[in-house]
Amino acid sequence: LQRKSVARIWRDYWAYSQPTLTNWRPSRNRSVFVIRCCAKLMDWSLSVREAMEQAHGAARAKSITLNLALPTSPVVVLGDSEALRRLVFILLDNAIKYSPESSAVDVSVTLDEKSAVCRVTDRGIGIASEDQGHVFDRFWRADQARSRTGQRPGVGLGLAISKWIAEAHGGTISVQSRPGRGTTFLVKLPIAAPASGGDGGP
């Protein structure tokens with residue numbers, strides 16, 4: 001895609017987001033935004049399940065198994081369910097894209113006293129340490145690593161959008177990876193109600 005086309009994709013995403021993710025107020029950390037209105041109490045695990053269902057077609061095409069582990073209790077956060085589904089789907093789509101055929105992608109959500117943590121782990125090509133600080137930058141890709149695998153390139157917006165969504169909900173997103181050993185993306189959101197119950201199956 002040409003630069004103008006990429007810029008239009010980004011503008012379209014903003015246009016898509018505005019009806020539900022409006023009235024953002026910068027926090028003390030300028031990179032983090034919090035929702036002031038239009039957010040609702042929701043069970044994040046439902047959005048995670050929906051993202052998994054959406055990703056099944058791409059996973060089946062590569063004979064990739066999707067594994068899901070969720071807590072037994074609701075994962076209550078204050079947020080926009082469609083945006084949080086999109087966040088998880090972006091991470092799943094990325095994991096599937098850069099995973100070998102007949103491998104697996106693991107998705108889990110865990111709870112502690114103050115946070116819900118979603119992990120998306122693949123067994124793919126990994127990301128070099130020098131590239132990990134750039135993966136959430138708009139229009140950036142680890143081009144050399146991706147081209148060596150023969151994978152189709154993206155336009156460099158998906159992970160930037162996922163970071164924006166996480167921070168818009170007062171959360172964080174990070175990456176852990178070793179070349180040739182896979183990648184884990186970790187999203188941490190503040191919970192809106194005390195957690196109870198242990199971790200269970202899907």
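Tutor: Happy to! Of the 202 residues of the protein, 45% count as buried, where buried means under 20% relative accessible area, exposed over 50% and partly exposed in between, with a 1.4 Å probe and protein chains only. This is a predicted model, in which local features need pLDDT of at least 70, side-chain atom pairs count only at pLDDT 80 or more, and totals for chains, interfaces and linings use all residues. Residues are numbered from 1 along each chain as its sequence is written, and side-chain values use heavy atoms, leaving out hydrogens and water.

The protein has five helices and nine strands; these are DSSP runs, with helices (H or I) of at least four residues and strands (E) of at least two, numbered from the N terminus.

Now the close look. Strand E8 covers residues 172-177, and its covered face holds Ile173, Val175 and Ser177. Its uncovered face holds Thr172, Ser174 and Gln176. In a regular strand, side chains alternate between the two faces of the sheet. E8 pairs with strand E9 (residues 183-190) in the antiparallel sense, over six bridges; two strands pair if DSSP finds at least two bridges between them.

Next, look at the helices. The axes of H2 (residues 44-61) and H3 come within 8 Å and cross at roughly 35 degrees. Here axes are lines fitted to C-alpha atoms over the stretch in contact, and angles run from 0 to 180 degrees between N-to-C directions. Residues of H2 that meet H3 include Trp44, Val48 and Met52, while H3 brings Leu84, Val88 and Phe89, among others; contact means heavy atoms within 4.5 Å.

Is Ser99 buried or exposed? Ser99 counts as buried, because its relative accessibility is 2%. A polar atom of the Ser99 side chain lies 2.5 Å from the backbone oxygen of Ala95. The C-alpha atom of Ser99 is also 6.7 Å from that of Ile125, although the two residues are 26 apart along the chain.

Key
A polar contact is a pair of N or O atoms within 3.5 Å; within protein, one must be able to donate a hydrogen and the other to accept it, and residues adjacent in sequence count only if both atoms are side-chain atoms.
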